[in-house]
Amino acid sequence: MLRLKNNFSIEHDIAGCGLCGIINVKKIRTNGEDIKKAIALEHDRGNGLGGGFAVYGCYPEYSELYAFHVMYDDLAAKEATEKYFKNNFIIEKQESIPIFKTSKINDHPILHRYFMKPKSDREDRLFSELKDDDFVVKSVMLINSDYDGAYVFSSGKNMGAFKGVGYPEDIADFYMLDNVEGYMWTAHNRFPTNTPGWWGGAHPFTLLDWSIVHNGEISSYGINKRYLEMFKYNLALKTDTEVIAYILDLLIRKHKLPVELAMNVLAAPFYQTIDKMEPEQKELYTALRQIYGSALLNGPFAIIFGYPDGMVALNDRIKLRPLVAGTKGDFTYIASEESSIREICPFPDFVWSPKAGEPIIIKTVKTTIDSENISQKQRLIIS
Amino acid sequence: MTTGGNTKTGSMVAIDAKDMHYKELNKIIRESILSGVKNVFLENVNGQYYIGDGLKGDDITITVNGVPGNDLGVFMDGPSIIVNNNVQDNIGNTMNAGKITVNGDAGDVVGYGMRGGRIYIRGNAGYRIGIHMKGYNEQIPVIIIGGKVGSFFGEYMAGGVMVLLGLDNSEESVGEYFGVGMHGGAIYLKQKIDFSKYSKEVEFLEANDGDMSFLKKYLLEYAKDFNLSSEDLISGTFYKIVPSSARPYAHLYTSAAF
């Protein structure tokens, strides 16, 4: 029988991994067919040990509630976790996550979702005054580390992660993503290198509304993990990518850094670059490096970061992983390979690659995309 | 003869690659060439890896319509590949002879360890272009880039020639770490750059008549391939970058006294 908490054998293989992202800046929703097609083109970048999707705008009828997606080993794990939920949350609705059994995904955990909000008179109120978001984070950490056989893999509002062990196109069929609609999608095809291929280890990694898909290795995992533990994040998912989701939660939600600056913490400019900056910028970037040295990501990476207001594509500082962007009208596409974009958008208006360590940030609604300006770092005006 | 979506006429074959896996596509290409085909036309290519890899034969031409996948023309030894779109990463890795012509942009790592033949790119190219390139006597690999390139251009270059034209670019056409560890070969630029920013292991010179007569035959071919004015292309001053030492790291692990 499948076990979520288990001692997995650790395999070493050549790296691959494929990424895709689609965003409609006017928040027009589309179903999961395009993202499935795009990531399926990168089939050979993975090895069937992990596929997943994040979608934003998929639960408009419950947009004020936290949508928890939870995977369970067995009914005992479900019962124990639901006891915690009932004591601490008002559960407006709960149901099995709709799945379609295919021969490709034949072994899966119990997959359940809950639309809920923290109770105002919940247990912990006796000791602390946590805000709802903080309480949700605390609950996710608690369940993932202390509740045997239970993992929360999605906990945001009006968004959700759908992932598992398998090729991403099969995972899309398994979750019937052609019935799911969103204004932004990200996808991942996994080729596990240093950590096990298991259901909780598939990408995206999410916390609250943040989601991350990642290709590469975070060599700084140990430092990042110890840093995050000081802020009470528990790293329970056995995969380096997890740190990115939590670092961004810390920087953006807790420390109120703008997304642009948070990206410059993950891929901080080299000191030799900082030396050439204007005094004001130099001071800022020096301070960021000093304060957030332990949040710097080392090693090769390409990531797509999703948040309710947009999508970010970011490479490591010397570009050791592929990443390409394309735009067509209100749509922007990000992928590991250009052909993946062209599979769903044969004639993009513009195709380009992010520069090493410089994020491409595509924001929804008010902000228009400035695709001509590839070098975003130059655009940062610090107020 | 028609088999499936393939049309064979004499020494020519057209293959519809739509939704075809790379293994099948490359098998058909190889079998066609074995059966005497000289001209292969690939239609609706999108993302298929390894096209033209390891193929031999100076008289073989493969024309690609669509964006081919990674590792195009790797280890190739003679044939010509013409791509009428952009290409992805790792084209011409360790290529020995032949030619790759790209009518669009190229991704990262073009001509890694290349040891012969030509790669002509009309547009821009990404990071790590021509790294570890090498040459020996008559065997001179040549890469010409029409636009700009990312960082690590010519890193650890050991031989061969690269030309960066910087056409249609207002901004500077090279990134960081230009020619780092370069210890052989030459890089030519059509634009003067602020070279103080880049590698300290290379020298920056004006190209002389000998350089220009060498470059001319390649530039004329490049102009013809992309329908550019050959006068414009060869006019003006070119700048040459050569390593200042054949062994820039001779003393990395030993005392400088030796």
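In this predicted model, R342(A) sits in helix α10 of chain A, a helix that covers residues 338-344. Because a residue counts as buried when 20 or more other C-beta atoms lie within 10 Å of its own, R342(A), with 24 C-beta neighbours inside 10 Å, falls into the buried class. If neighbours within four places in sequence are left aside, R342(A) is in contact with N46(B) and V67(B), which are residues of chain B.

The contact between the two chains draws 13 residues from chain B and 13 residues from chain A. On the side of chain B that touches chain A, the residues divide into two nonpolar, nine polar and two charged.

Chain B itself contains three helices and 13 strands. Its radius of gyration is 19 Å, close to the 18 Å given by the globule rule for 258 residues, so chain B is as compact as a globular protein of that length. The C-alpha trace of chain B, followed along its principal axes, spans about 70 × 45 × 30 Å. Among the contacts in chain B between residues at least 6 apart in sequence, 40% join residues at least 24 apart.

| Property of chain B | Value |
|---|---|
| Radius of gyration | 19 Å |
| Span of the C-alpha trace along the principal axes | about 70 × 45 × 30 Å |
| Residues that count as buried, of 258 residues | 49% |

Terms used:
Residues numbered from 1 in each chain as written. Chains lettered and ligands numbered in written order. Predicted model: local features only at pLDDT ≥ 70, side-chain atom pairs only at ≥ 80, totals over all residues. Contact = placed C-beta atoms within 7 Å. Nonpolar A, V, L, I, M, F, W, Y, C, P; charged D, E, K, R; others polar. Helix = DSSP H or I, 4+ residues; strand = E, 2+ residues; numbered from the N terminus. Rg over C-alpha atoms; globule rule 2.2 N^0.38 Å. Buried ≥ 20, exposed ≤ 12 C-beta atoms within 10 Å, placed from the backbone.
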